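User: Hi! Could you walk me through this one?
Analyst: Happy to, here it is.
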Amino acid sequence: MLKPNAGFRPATHDDVTFAAAVATAAEPNHPQVAEELLERWTNTEKSSKVRRFVVQEDGVDCAWISLVQPGDVGGRATYLNLLIPAPAEHLLPAAVAFGEAQAREMDTATLICTVGEDNEPAVEWLRGDGWNQERRERFWRLDLAVKAERIRELRNDAKRKVEATGIVIRNVADLGGESFLPRLLPVSHATVADIPKSVEYIPEPYEEWVVWMRPPAVLPERIWVAVVDGEPIGYSYLAYRPSVVETGFTGVLREHRGKGIARALKLETLFQAIDLGVTFVETDNDSENAPILHINEELGYDAMPGKLEFHSKLSE
């Protein structure tokens, strides 16, 4: 069998419509639109070192890859994102080899690739090529149209219970708007550090973190905060994107866990989404994050195919 005539060219913002269509074809469970992909490229990834390439066969564009070194990940780790639809899956070895070469130029020690667990050809090839599976991310979808009445009842009960202990749940708009957001940064740093992971976490500065907390996906009135004696102890929000509404984050300080606060915050975001006419919401969590997985199951989320995280050691 002849080797494919694969080529690679730098991807630009002019490629975003093509890139969104390819990403949707490669990962049908996670469709993307050009608008939100461009937002990621220009804003949410601007604190990262990024290289993007269109993958070609015989000069024809058919897939794309990116290498991302996030600012909040240490250990010289780089993420290799492979958006290769099934008709082009024979290009995977060439794409990985090219990605590894680029990663070495970026002084990468560990190359990380995440693929859908239902993408059997990619999973089998990575395993056969010596990549080690380190983590599994679980994905969930909740049908709000079907579960609306139950969600409303659970929300009212959860809010009543936590507020009876002196905890107040308010949205950021009511707490002062964007001027309140810096007070959430220490909560983010403390709670993200507790999420199971296989890479070094480096707390990001405010100007990088806040990019994820702003329009168009996130609005102050949609970020819900648990407050005790005037101090934030946890927060949760949904990101409203063109392709999907999904949990952006839910976290509670360790010393306040076990009191139903995370559950109450998450229910507040779902309650609001119902009132806004949202029919489905999605979320994803590490498979070892037992407390939040329990909440998802209790609230009636349906499991979707997850993603597997593979690591390849390039240097010490």
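User: Which residues lie nearest the centre of the second largest pocket?
Analyst: Those are A26, E27, I84, G116 and N119, among the 22 residues that line the pocket. A pocket here is an open set of points on a 1 Å grid over the protein atoms alone where a 1.4 Å probe fits, with protein on both sides within 12 Å along at least five of seven lines, and lining residues have an atom within 4 Å of a point. This is a predicted model, where local features need pLDDT of at least 70, side-chain atom pairs count only at pLDDT 80 or more, and totals for chains, interfaces and linings use all residues. Residues are numbered from 1 along each chain as its sequence is written, and side-chain values use heavy atoms, leaving out hydrogens and water.
User: Switching topic: which residues touch the most other members in the largest nonpolar core?
Analyst: L184, I223, Y235 and V281 do, in a core of 53 residues. Such a core joins buried Ala, Val, Leu, Ile, Met, Phe, Trp, Tyr and Cys through side-chain atoms within 4.5 Å, buried being under 20% relative accessible area with a 1.4 Å probe, protein chains only.
User: Which element gives the largest share?
Analyst: Helix α8 does, with 7 residues.
User: How many helices and strands overall?
Analyst: The protein has 9 helices and 12 strands, and 50% of its 316 residues count as buried. Its C-alpha trace spans about 70 × 40 × 35 Å along the principal axes.

Methods:
Helix = DSSP H or I, 4+ residues; strand = E, 2+ residues; numbered from the N terminus.
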